[in-house]
Amino acid sequence: QVNREDVNRVAEILGCPVDRLSRCIRYRRLIVGKDVTESPLDAERARQARDSIAKLVYQRLFRWLILCCNRALRAEELLLGGGPQTTFVGVLDIAGFESFETNQLEQLFINLSNE
């Protein structure tokens, strides 16, 4: 069962039309050439679609946050006259300190759950 209040709230936060968000959760779209076919999803697949959208939003938010942090750190390096790689963002988890080339959303979840 779709909770319209939740869908309305999420659509408002994302800045998208409610009907489009609802349709993305309730229907599967298949595009073959110029033909577009939509078929309704059962409850389990609709939950999976909802969860996939949530994960995508969090992943993009995480990337944006890291980009902002790295820009701020880079600006600080330039002000202090440091060279490249003077400052970086690393991820601390229960196993210790790790420095990844690319941090993923799952790493953030692990760290938050361990706090």
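1. How do the residues of the lining of the largest pocket divide into nonpolar, polar and charged? They come to 15 nonpolar, three polar and six charged. Here Ala, Val, Leu, Ile, Met, Phe, Trp, Tyr, Cys and Pro count as nonpolar, Asp, Glu, Lys and Arg as charged, and the others, Gly among them, as polar.

2. A note on the source. This is a predicted model, in which local features need pLDDT of at least 70 and side-chain atom pairs count only at pLDDT 80 or more, while totals for chains, interfaces and linings use all residues. Residues are numbered from 1 along each chain as its sequence is written, and side-chain values use heavy atoms, with hydrogens and water left out.

3. The protein has four helices and four strands, and along the sequence they follow the pattern α-α-β-β-α-β-β-α. Helices (H or I, at least four residues) and strands (E, at least two) are DSSP runs, numbered from the N terminus.

4. The largest pocket holds about 650 Å³ of space. A pocket is an open set of points on a 1 Å grid over the protein atoms alone, where a 1.4 Å probe fits, with protein on both sides within 12 Å along at least five of seven lines; lining residues have an atom within 4 Å of a point. Grid points are joined across faces, edges and corners, and the volume is the space filled by probe spheres set on the points.

5. The lining of this pocket has 24 residues, and Asp6, Val7, Ile25, Ala46 and Arg50 lie nearest the centre. Helices α1 (4-14), α2 (18-26) and α3 (43-80) each give at least two residues to the lining. The largest share, 10 residues, is from α3.

6. Of the 115 residues, 15% count as buried. Buried means under 20% relative accessible area, exposed over 50%, and partly exposed in between (1.4 Å probe, protein chains only). The protein exposes about 9,400 Å², of which carbon and sulfur atoms supply 56%; such areas come from the Shrake-Rupley method with a 1.4 Å probe, and for residues only the protein chains shown count as cover.

7. Val57 belongs to helix α3 and counts as partly exposed because its relative accessibility is 35%. Val57 and Leu14 are 43 residues apart along the chain, with their C-alpha atoms separated by 9.0 Å.

8. Tyr27 is in strand β1 (residues 27-32) and is partly exposed, at a relative accessible area of 25%. Pro40 is 13 residues from Tyr27 in sequence and 4.4 Å away, C-alpha to C-alpha. Neighbours within four places in sequence aside, Tyr27 is in contact (heavy atoms within 4.5 Å) with Ser39, Pro40 and Leu41.

9. The whole structure contains zero disulfides, a disulfide being a pair of cysteine sulfur atoms within 2.5 Å. Cys16 is partly exposed, at 27% relative accessibility, and Cys68 is partly exposed at 30%.
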